[in-house]
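Subject: Structure handover and findings

Hello,

Here is the structure I promised to pass on. Please open it alongside this message; my notes follow.

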Amino acid sequence: QKLRSIPKESFLFGPSPIQFLPRLSKELSPNGDVKIWAKRDDCNSGLAYGGNKVRKLEYLVADAIAKGCDTLVSVGGVQSNHTRAVTAVATASGLKAVTVQEKWVPIDPPLYDKTGNILLSRLMGGDVRLNNEPFHIGHKTATAQAVEEVTNKGGKPYYVPAGASDHELGGLGFTNFVVELAAQEKALGIFFDTLIVCSVTGSSHAGLIVGAVAEGKNRKVIGIDASAKPADTLAQVARIARSTASMLDPKLEIPDSAVILDERFHEGIYGIPGPSTIEAMELAARTDAMITDPVYEGKSMAGLIAMVREGSIGAGSNVLYVHLGGQPALAAYSSYF
Ligand code: PLP
């Protein structure tokens, strides 16, 4: 199929592990009606703790190298997992990285700009540049300026948009995730009817939708918005899903019904946990010792928990929590715990 013919680097250990979560399942569904599993993309790579961006960047870095680029330029918040991953894949590929780190989260807890992800980027020798721009998932002026600066100095920049999402190759990593998942399901003798995934810049979610629609097995992909700007995220998810699908197979149509974004769990603001986030993080940690973060995965975990409790993920379901990473930010949020 077309996907296999698109060049990619190899940054992952292999298929990310799939794990049954017995204690969380029992806690939420005491009579065993709902089984909760996780696919651990937080453990997918040896490059600076891995995570969803490393999977997406396999495709973008192959493109950057093919085009003779020497510097990846990207953007995120101060505690961006994405910019840490960009710096990691650049380093491991012999490229340079310039990352613009903006004030996406209007808080300043102790060491917020010194520990966690940004510490890792500095440790890897990344060129980290802080500014005061607020959160949004679109293209930013400061990255355009950084691209120009690299060019003026004689380098060849490769621009990676926020989250490696709004890019022609951005949806491929998580389309491939579904191919990988299908092979694992075959070996396990199980089918995950529902996938739960955190969605902000949208290409993780979009890639899963493309994979699921292409399979045609009636798998439901539920995105949990953590951007607190769900209209922007929903539009971006739909756009990336459709452009990725048409690149892979011009006949593959993504119906509106396949694009589901639940807006109940973002707590009103990007990057700050609220009570349901904290409760979800504690529950996952205190049952199956599965660690989530306060910006992304804690919010998608809150969504999963609520859906099992309210019965919208019903009896007989095998639900797969798509764990996208994010734990390195935890240290910057110690004051919430
Ligand atoms: N989870 C983590 C840990 C992330 O770093 C991100 C990045 O934005 C997301 C979820 C959301 O993924 P996406 O930006 O592809 O929507």
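Which residues does lysine 53 touch, not counting residues up to four places away in sequence? They are His82, Ala85 and Gly163. Please keep in mind that this is a predicted model.

**Lysine 53**

Lysine 53 sits in helix H3, which spans residues 52-66. The residue is buried, yet it has no salt bridge. The nearest side chain of opposite charge belongs to glutamate 297, and it is 8.0 Å away. A salt bridge here needs a side-chain nitrogen of Lys or Arg within 4 Å of a carboxyl oxygen of Asp or Glu. Lysine 53 does have a polar contact: its side chain meets that of asparagine 52 at 3.3 Å.

S1 and strand S2 (residues 35-40) run antiparallel and are joined by three bridges. In this pair, phenylalanine 20 stands opposite tryptophan 37 of S2.

How many of the residues of S7 are buried? Six of its six are, so to speak a mostly covered strand. Thr194, Ile196 and Cys198 point one way from S7. Leu195, Val197 and Ser199 point the other way. Both sets are buried. S7 and S8 run parallel, with six bridges between them. Isoleucine 196 stands opposite isoleucine 222 in S8.

**The four-stranded sheet**

There is also an open sheet of four strands, in the order S5-S4-S3-S6. Its pairing is parallel. The edge strands are S5 (127-130) and S6 (157-159), and each pairs on one side only. Neighbouring strands are turned by 25 degrees against each other on average, direction ignored.

Strand S4 (residues 96-102) is joined to S5 by four bridges, and the two run parallel. Threonine 99 stands opposite valine 128 in S5. Helix H6 (residues 141-152) lies across strand S3 (71-77), S4, S5 and S6. H6 runs at about 160 degrees to S3.

**Salt bridges**

How many salt bridges does the structure hold? The count is 20. Here are some of them.

Arginine 129 and glutamate 149 meet through their side chains, at 3.0 Å from N to O. Arginine 129 is partly exposed, with a relative accessible area of 24%. Glutamate 149 is partly exposed too, at 29%.

Glutamate 149 also forms a salt bridge with lysine 153. The closest N and O atoms of that pair are 3.0 Å apart. Lysine 153 counts as exposed, because its relative accessibility is 66%.

In helix H10 (residues 275-288), glutamate 282 and arginine 286 are four residues apart, which means a separation of about one helical turn. Their side chains meet in a salt bridge at 3.6 Å, N to O. Glutamate 282 is partly exposed, with a relative accessible area of 27%. Arginine 286 counts as exposed, at 66% relative accessibility.

One network also turned up. Salt bridges that share partners join Lys39, Asp41, Arg55 and Glu180.

Best wishes

Technical notes: Residues are numbered from 1 along each chain as its sequence is written. This is a predicted model: local features need pLDDT of at least 70, side-chain atom pairs count only at pLDDT 80 or more; totals for chains, interfaces and linings use all residues. Side-chain values use heavy atoms; hydrogens and water are left out. Buried means under 20% relative accessible area, exposed over 50%, partly exposed in between (1.4 Å probe, protein chains only). Lys and Arg count as positive and Asp and Glu as negative; His and the chain ends are not counted. A polar contact is a pair of N or O atoms within 3.5 Å; within protein, one must be able to donate a hydrogen and the other to accept it, and residues adjacent in sequence count only if both atoms are side-chain atoms. Contact means heavy atoms within 4.5 Å. Two strands pair if DSSP finds at least two bridges between them. Axes are lines fitted to C-alpha atoms, for helices over the stretch in contact, and angles run from 0 to 180 degrees between N-to-C directions.
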